[in-house]
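Subject: Structure handover and notes

Dear colleague,

I am passing on the structure below, together with my notes on what I found in it. Please read the notes with the structure open beside them.

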Amino acid sequence: MFRSKITGLGFFVPENIVSNDDLSKLMETSDDWISERTGIKNRRWVNDKKLTTSLMGTYAAEKAIADAGIDKNDIDFIIFSTLSPDYYFPGSGVLLQRNLGIKEIGALDVRNQCSGFIYGLSIADQYIKSGMYKNILLVGSEIHSGGLDKSTKGRSVSVIFGDGAGAAVISSTESENGILSTHLHSEGKYAEELAVIKPATTHWIDKIKSDQTDESYWPYMNGNFVFKNAVVRFEQVIKEGLEYSNLNIDDISLLIPHQANLRISQFIQKKLKLSDSQVFNNIMKYGNTTAASIPIALTEAYQSNLIKKNDIVVLAAFGSGFTWGSAVIKW
Ligand code: UT7
């Protein structure tokens, strides 16, 4: 059996920086409130109409392919994770294939929101372990800014989310090092606690036109409830991943949690008794970029030389669905 390994990383964020003070001009909020409750200082919001989710994903992918030192035609499968696709259908994976101008390989879209990158990594890992593919391109990309309620009514959601894209090349290796495990979970009974309900097949186009005040076109989040579930599930799934490989919390070189809220990361850090240098956060700069948050953070950590050969890197995510998951990697 083969093992899979992350061989290339890259990310792209739009140039336009939106600070907490900028938001306080749009809605009743403040830098104090946002900083204290979320740790976020800035986020990127697309202001160039030409920039789409698939195009940002393409820019991140080009960097990851260059970092892997392979030719784009060596990629033999695409996995695209997003909750904010360019189109209702087709998915963004085929648009990435078109943008990259590569041969007619398979392209799969993953709809698992904040856990999308971990779900995608798990799929890539299985395909590579089975010998079906050698180099898989996994992209997480989101444009949240176009779909947020930026009035005071939507402030508890809109201040959190940012736009961005991250990508990884996952390749087959004969080395002992690589992805040791992935664990995935869901609990659909809480599907509506963090969701955008419409448009949907039950609420089609005629409704959109006639129902301008309907709030179900905006993202809804039961913030406190999501927070409480997140801290429990993060801890469980991190421990589940470590136990599978007979590892302990002390073995973690670097934990990269999905950047949902700095307070969530700090809570997990405290519960697991990890030092500051064992947990990587960059939500302060980019906000919560959902499926893009882990690959952006992983790329930044890697480019800052915070990850060395043989390190145990743990990725973990929780979000809408609810879905959650972890990946344990020996670098
Ligand atoms: O990535 C997917 C997973 N998502 C998450 O993990 C997010 C989890 N949840 C959270 O991060 C937090 O629940 C939030 C940051 C979203 C909200 O923080 P909170 O401490 O749960 O605040 P809250 O919603 O309970 O609101 C507290 C108060 C309310 O005012 P009253 O009713 O106490 O007068 C809100 O109206 O803060 C008010 N508020 C705001 N004030 C200023 C809510 N949003 C804002 C805002 N600026 N942006």
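This is a predicted model: local features need pLDDT of at least 70, side-chain atom pairs count only at pLDDT 80 or more; totals for chains, interfaces and linings use all residues.

Leaving aside neighbours within four places in sequence, G164 is in contact (heavy atoms within 4.5 Å) with F12, V13, P14, M56, G140, S141, E142, T289, A292 and I296. G164 itself is found in strand β7, which covers residues 164-173; strands here are DSSP runs of E with at least two residues, helices are runs of H or I with at least four residues, and both are numbered from the N terminus. With a relative accessible area of 0%, G164 is buried, where buried means under 20% relative accessible area, exposed means over 50%, and partly exposed is in between, with a 1.4 Å probe and protein chains only.

Residues are numbered from 1 along each chain as its sequence is written, and side-chain values use heavy atoms, with hydrogens and water left out.

A second residue that I followed is Y286, whose place is in helix α10 (residues 283-286). Y286 has a relative accessible area of 6% and is therefore buried. Not counting residues up to four places away in sequence, Y286 touches F11, V13, N42, R43, R44, G162, I296 and E300; V13 and I296 are also among the contacts of G164. G39 is 247 residues from Y286 in sequence, and the two are 11 Å apart in space, C-alpha to C-alpha.

As for the chain as a whole, it has 11 helices and 13 strands. With 331 residues, a compact globule would have a radius of gyration near 20 Å, and the chain agrees with this because its value is 19 Å; the radius is taken over C-alpha atoms, and the globule rule is 2.2 Å times the number of residues to the power 0.38. Along its principal axes, the C-alpha trace spans about 55 × 45 × 35 Å. Buried residues make up 56% of the 331 residues, and of the contacts with a separation of 6 or more, 77% are between residues 24 or more positions apart.

Just after α4, G101 takes a positive phi of about 65°. The loop between β4 and α4 holds P90, and the peptide bond from F89 to P90 is cis, with omega near 0°.

The structure also holds 11 aromatic pairs, where rings of Phe, Tyr and Trp (its six-membered ring) pair if their centres lie within 6.5 Å, and planes under 30 degrees apart count as stacked, over 60 as edge-to-face and the rest as tilted. The rings of F77 and Y133 have their centres 4.8 Å apart and their planes at 10°, so this pair is stacked. The pair links distant parts of the chain, 56 residues apart, with F77 in strand β4 (residues 77-81) and Y133 in the loop between α5 (116-130) and β6 (135-142). F77 counts as buried at 6% relative accessibility, and Y133 counts as buried at 15%. Elsewhere, Y190, F225, F318, F322 and W324 form one aromatic cluster.

Finally, a few backbone details may deserve a look. The peptide bond from K198 to P199 is cis, with omega near 0°, and P199 is found in the loop between β9 (194-195) and α7 (205-210). Q113, in the loop between β5 and α5, has a positive phi of about 50° although it is not a glycine, and Q113 is buried, with a relative accessible area of 14%. N310 is also a residue other than glycine with a positive phi, near 75°; its place is in the loop between α11 (293-303) and β12 (312-319), and at 43% relative accessibility N310 counts as partly exposed.
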